Amino acid sequence: MAGYLVSDTRKVTTHRFFEMKQKGEKISMLTSYDYTTAGIVDQAGVDAILIGDSASNVMIGNSTTLPITVDQMIYHARSVVNAVKRALVICDMPFGSYQVDRHDGLKNAIRIMKESGCDALKLEGGVEILDTVKGILDAGIPVCGHLGLTPQSINKFGTYAVRAKDAAEAEKLMSDAQLLSDAGCFAVVLEKVPAKLAAEVTTAISCPTIGIGAGNGTDGQVLVVADMLGMTQGFSPKFLRRYADLGTIMTDAIGQYVTDVKSGDFPNESESY
C-alpha cells in the first residue's frame, strides 16, 4: 500500500515527472542503497529513489564520491530495484564511467541499465558531457542531469560551497540546464545554488528540476536518506532538515541488547525453543 499522502499507486515514470511539473505537483525524491531501506521509502510514497554515488560516503565510508565503481553502483541499484514497486528508480553513473568519451559512457550506461534493472541514470555536468548525454538518450535510456555543486568535481572546485553565485557561473548554469532539457533529459538536479537562480532555471526549462540546497522554487526536492533520518553524525548543512533521530534510537536499542545479553536476560524462556 503506497504512502501517507499518495492516492495514485501507478508506477512513477519519466512521463509522470513532466505531468507533475505541468500540474504544479512537487516531486519527492530520496536516496536509498539497500533492499530494506528502499522498500520502506517506496511504501512511504516517495516519487523517486536515487541510488546516489553518495553510497561511496554513506555505505562505504569514503571521504568523497570518487572511489565508487560501476560494479558497486550496480550492486546497490539491483538491491534497491528488487524492493521498489512504485517509485522511479534512478542510478548515478559514477566518476570515470562517462567522462572519457561518448562510446565509453554509452557502454557503461547500457551495462548499468541491463544489470541493475533501474529506470534511469543521472550524470553530472553540462555542455562538457552533452554529446555523451545525447548518445545515452539515443539508446533509449532516460537521463537526469545534475548541475551546480557536482561532487564528482570536488577536486576541481576544492570546496563544497554554494555554486553559481557570480554572474558568469550563473549564466553557464542556466545555459547548461537549457541544453540538457532541450537534449531530452527528463529532469535536472540543482545542488547548492542560490534559490533565486534555481527558480529562474525551473521556469525557463521544460523538464522538472529537483533541488538540494536550492530553495523552494524547484519542481521537487531530494535528500540523502541517512541524513534526513538522523543516522549520520557531524553533517549539518543549511539545507538539511532532520525528520528523525535514528542514530540515537539505534544506539540506545543496540546498547540495551548488549546489556541484556551480558546480563543473561536475553533470550528468556519465552524466546527459547
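Student: How many disulfides does the count come to?

Tutor: Happy to start there. This is a predicted model, in which local features need pLDDT of at least 70 and side-chain atom pairs count only at pLDDT 80 or more, while totals for chains, interfaces and linings use all residues. Residues are numbered from 1 along each chain as its sequence is written, and side-chain values use heavy atoms, with hydrogens and water left out. A disulfide is a pair of cysteine sulfur atoms within 2.5 Å, and by this rule the count is zero.

Student: Which cysteine sulfur is nearest to that of Cys91, and how far away is it?

Tutor: Cys91 is buried, with a relative accessible area of 0%; buried means under 20%, exposed over 50% and partly exposed in between, using a 1.4 Å probe and protein chains only. Cys91 takes part in no disulfide. The nearest cysteine sulfur belongs to Cys118, at 5.1 Å.

Student: Which residues form the edge-to-face aromatic pair?

Tutor: A search of the whole structure finds two aromatic pairs. Rings of Phe, Tyr and Trp (its six-membered ring) pair if their centres lie within 6.5 Å; planes under 30 degrees apart count as stacked, over 60 as edge-to-face and the rest as tilted. With 5.5 Å centre to centre and 70° between the planes, the edge-to-face pair is Phe17 and Phe186.

Student: How many residues apart are Phe17 and Phe186?

Tutor: Helices (H or I, at least four residues) and strands (E, at least two) are DSSP runs, numbered from the N terminus. Phe17 sits in helix α1 (residues 14-23), while Phe186 is in the loop between α8 (167-183) and β6 (187-191). Phe17 is buried at 0% relative accessible area, and Phe186 is buried at 3%. The pair links distant parts of the chain, 169 residues apart.

Student: At what angle do helix α4 and helix α5 pack, and how far apart are their axes?

Tutor: Two packed helices are described by the angle between their axes and the distance between the axes. Axes here are lines fitted to C-alpha atoms, for helices over the stretch in contact, and angles run from 0 to 180 degrees between N-to-C directions. For α4 (residues 70-81) and α5 (residues 102-116), the values are about 35° and 8 Å.

Student: Which residues of α5 make the contact with α4?

Tutor: Contact means heavy atoms within 4.5 Å. From α4 come Val70, Asp71, Ile74, Ala77, Arg78 and Val81. The partners on α5 are Asn108, Arg111, Ile112, Glu115 and Ser116.

Student: Which residues of helix α6 are buried, and what do they pack against?

Tutor: In α6 (residues 130-138), the buried residues are Leu130, Thr132, Val133, Gly135, Ile136 and Leu137. After the helix comes Gly140, with a positive phi near 90°. The elements that the buried residues of α6 pack against are α5, β5 (143-148) and α8.

Student: What is the phi of Ala164, and what is that of Lys192?

Tutor: Ala164 lies in the loop between α7 (154-157) and α8, and is buried at 3% relative accessibility. Lys192 lies in the loop between β6 and α9 (195-204), and is buried at 18%. Neither is a glycine, yet both have a positive phi: about 60° for Ala164 and near 45° for Lys192.

Student: Which two residues does a cis peptide bond join?

Tutor: Look at the segment after α11 (246-263), where Pro267 is placed. Omega is about -5° for this cis bond, which joins Phe266 and Pro267.

Student: Leaving aside neighbours within four places in sequence, which residues is Gly247 in contact with?

Tutor: Gly247 is found in helix α11 and is buried, with a relative accessible area of 12%. Its C-alpha is 8.0 Å from that of Leu229, 18 residues apart in sequence. With those neighbours set aside, the contacts of Gly247 are Gly230, Met231 and Gln233.
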